[in-house]
Amino acid sequence: MDQIWDEDKFFRPSYVTSAELPQRTGPVSVEDIKADLSDEFSLVSSSSDTSQSKGHIEVCLRVRPFTLLEKENESQVPPKNSLNRLSEKTAGQQIQKFTFSQVFGPETTQEEFFEGTMKQPVQDFLEGYNRLIFTYGVTNAGKTYTFLGTEDDIGVLPRTMDMLFKSIQGRLYPGMDLKPHRCRDDVKLTKDQVREETAIKNSLLRLTKEVEERFFL
Ligand SMILES: Nc1ncnc2c1ncn2[C@@H]1O[C@H](COP(=O)(O)OP(=O)(O)OP(=O)(O)O)[C@@H](O)[C@H]1O
């Protein structure tokens, strides 16, 4: 995303360039700041709608099922009429609407969630694009379950690793005569250097084994 400097030396992303902030003199009140921010955010939100439809950002919601404990205690079930009471009390002030790229209900399996959210970004990554995936939610929302999963029902991270390793299967270089050099280069080792590297690796392995035996057995 392009970044530009505006006249006031604020560093702003390009999507808020058209925000004209009112000129103010004297002390600025909290209400003024709120008004400015809400103007800016409405611009960001309308432009991010466009970027979402272009596929730059996807926000997926996963609703998890109630756990056994919650079912027993009914602790997470909103009491009857609570929503009505809430809407009366807040009169629309605190009720907010959110839009998601996709919504996955409690019945969604780990596999379905992976297929619906991660598969394409991992495919893009294999084609050389950068992708960032993260989970966000209150405690107990299901972030760890979604990311790591359980031994029997693995989450998106192990599924991603599986896809990545499968994709490089057969393309691994089995020789011992290349060494990573700087970030993306590698150097071809001479026979003497291969011997030297092998000796270093072997002594490191021996040392690790000794440490394990001494401290963990
Ligand atoms: N889709 C799901 N299906 C079945 N059980 C789930 C699902 N998602 C979460 N759970 C269960 O809900 C509980 C809370 O989930 P989890 O530990 O993943 O939450 P969390 O967001 O990582 O919490 P914290 O932020 O406190 O670490 C766990 O018992 C987990 O097994």
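Predicted model: local features only at pLDDT ≥ 70, side-chain atom pairs only at ≥ 80, totals over all residues.
View 1. Glutamine 110 belongs to helix α4. Setting aside neighbours within four places in sequence, glutamine 110 makes contact with Gly149, Asp153, Ile154 and Gly155.

**View 2. Helix α4, residues 110-126, has a kink of about 50°.** The kink is found at methionine 118, shortly before proline 121. While you are looking at methionine 118, note that this residue is buried, as are Phe114 and Val122 in the helix. An α-helix has 3.6 residues a turn, so residues three or four places apart point the same way. The cover over the buried residues of α4 includes α6. Follow the chain just past the end of α4 and you reach glycine 128, which takes a positive phi of about 105°.

**View 3. Helix α6 covers residues 156-168.** This helix is part of what covers the buried residues of α4. Does its span agree or disagree with what its residue count leads us to expect? At 1.5 Å a residue, the 13 residues of α6 should span 18 Å, and the end C-alpha atoms are 19 Å apart, so the two agree. Just after α6 comes glycine 170, with a positive phi of about 85°.

**View 4. Eleven names to find: the residues around the ligand.** They are Arg64, Pro65, Thr67, Gly137, Thr139, Asn140, Ala141, Gly142, Lys143, Thr144 and Tyr145. How does this shell divide into nonpolar, polar and charged residues? The shell holds 3 nonpolar, 6 polar and 2 charged residues. An unreviewed UniProt entry lists, under "binding site", Gly137, Val138, Thr139, Asn140, Ala141, Gly142, Lys143 and Thr144.

**View 5. Lysine 143, one of the residues around the ligand, lies in helix α5.** Lysine 143 has 17 C-beta neighbours inside 10 Å and therefore counts as partly exposed. Beyond its neighbours within four places in sequence, lysine 143 is in contact with Thr135 and Gly137. Gly137 is also among the residues around the ligand.

**View 6. The loop between α4 and α5 carries valine 138 and phenylalanine 134.** Is valine 138 buried or exposed? Valine 138 is exposed, because 7 other C-beta atoms lie within 10 Å. Valine 138 is also one of the positions in the UniProt "binding site" list. Phenylalanine 134 counts as exposed because it has 6 C-beta neighbours inside 10 Å. Its C-alpha atom is separated by 10.0 Å from that of valine 59, which lies 75 residues away along the chain.

**View 7. Stepping back, the protein has 7 helices and 6 strands.** Starting at the N terminus, the elements follow the order β-β-α-β-α-α-β-α-α-α-β-β-α. Buried residues account for 3% of the 217 residues. Among contacts between residues at least 6 apart in sequence, 45% link residues at least 24 apart.

Methods. Residues numbered from 1 in each chain as written. Bend = angle between axes of the 7 residues up to and from the residue. Helix = DSSP H or I, 4+ residues; strand = E, 2+ residues; numbered from the N terminus. Buried ≥ 20, exposed ≤ 12 C-beta atoms within 10 Å, placed from the backbone. Contact = placed C-beta atoms within 7 Å. Near = placed C-beta within 6 Å. Nonpolar A, V, L, I, M, F, W, Y, C, P; charged D, E, K, R; others polar. UniProt positions renumbered as here; feature names shortened; annotations may be inferred. Expected span 1.5 Å × (residues − 1).
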